[in-house]
Amino acid sequence: MQKDIGRRKTMSNEDILKLWNMGLSKMQVVKEYMRQNNKRAKDKKDVDKVTMEQAMKHVEPILFKYETSRMKE
């Protein structure tokens with residue numbers, strides 16, 4: 001799983017949901033999202049690092065939409 005995510009430039013929504021479905025908490029998913037994006041920022045100097053707040057603003061709506069869609073089923 002980690003190698004698959006590492007090949008791409010950034011985590012997709014599917015990658016975030018895979019981590020969530022593996023049993024990681026919201027904060028663990030956020031930290032993994034930050035790690036991936038900050039690794040990319042370190043490799044490419046023109047990309048800004050992601051803060052915890054920015055990562056949460058990206059990850060939380062994805063998880064919320066996924067969970068609410070599951071409740072409707």
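At what angle do α2 and α3 pack, and how far apart are their axes? The points below take this up along with the rest of the fold.

1. The model is predicted. Its chain contains four helices and zero strands, and the order along the sequence is α-α-α-α.

2. On the opening question, the angle between α2 and α3 is about 140°, and their axes lie 9 Å apart. The pair therefore counts as oblique, since only angles over 145 degrees count as roughly antiparallel. The crossing of these two helices is right-handed.

3. The contact between α2 and α3 involves I16, L19 and W20 on the α2 side. On the α3 side the residues are K26, V29, E32 and Y33. By class, five of the contact residues are nonpolar, none is polar and two are charged.

4. α3 and α4 pack at about 120°, again with axes 9 Å apart. This arrangement is therefore also oblique, because roughly perpendicular covers 65 to 115 degrees. α3 crosses α4 in a right-handed sense.

5. From α3, the residues that meet α4 are K26, M27, V29, V30, K31, Y33 and M34. Their partners in α4 are M52, A55, M56, H58, V59, E60 and L63. This contact divides into ten nonpolar residues, one polar and three charged.

6. Helix α4 runs over residues 52–72, a total of 21 residues. From first C-alpha to last it reaches 30 Å, close to the 30 Å expected at 1.5 Å a residue.

7. Which residues of α4 are buried? They are A55, V59, I62 and L63. An α-helix has 3.6 residues a turn, so residues three or four places apart point the same way. The buried residues of α4 pack against α2 (13–21) and α3 (26–43).

8. For the chain as a whole, 27% of the 73 residues count as buried. Considering contacts between residues at least 6 apart in sequence, 51% join residues at least 24 apart.

9. To restate the packing: α2 meets α3 at about 140°, α3 meets α4 at about 120°, and the buried residues of α4 pack against both α2 and α3.

Conventions. Residues are numbered from 1 along each chain as its sequence is written. This is a predicted model: local features need pLDDT of at least 70, side-chain atom pairs count only at pLDDT 80 or more; totals for chains, interfaces and linings use all residues. Side-chain values use heavy atoms; hydrogens and water are left out. The expected span of a helix is 1.5 Å times one less than its number of residues. Buried means under 20% relative accessible area, exposed over 50%, partly exposed in between (1.4 Å probe, protein chains only). Contact means heavy atoms within 4.5 Å. Axes are lines fitted to C-alpha atoms, for helices over the stretch in contact, and angles run from 0 to 180 degrees between N-to-C directions. Angles under 35 degrees count as roughly parallel, over 145 as roughly antiparallel, 65 to 115 as roughly perpendicular and the rest as oblique. A crossing is left-handed if the near helix is turned anticlockwise from the far one by less than a right angle, and right-handed if clockwise. Ala, Val, Leu, Ile, Met, Phe, Trp, Tyr, Cys and Pro count as nonpolar, Asp, Glu, Lys and Arg as charged, and the others, Gly among them, as polar.
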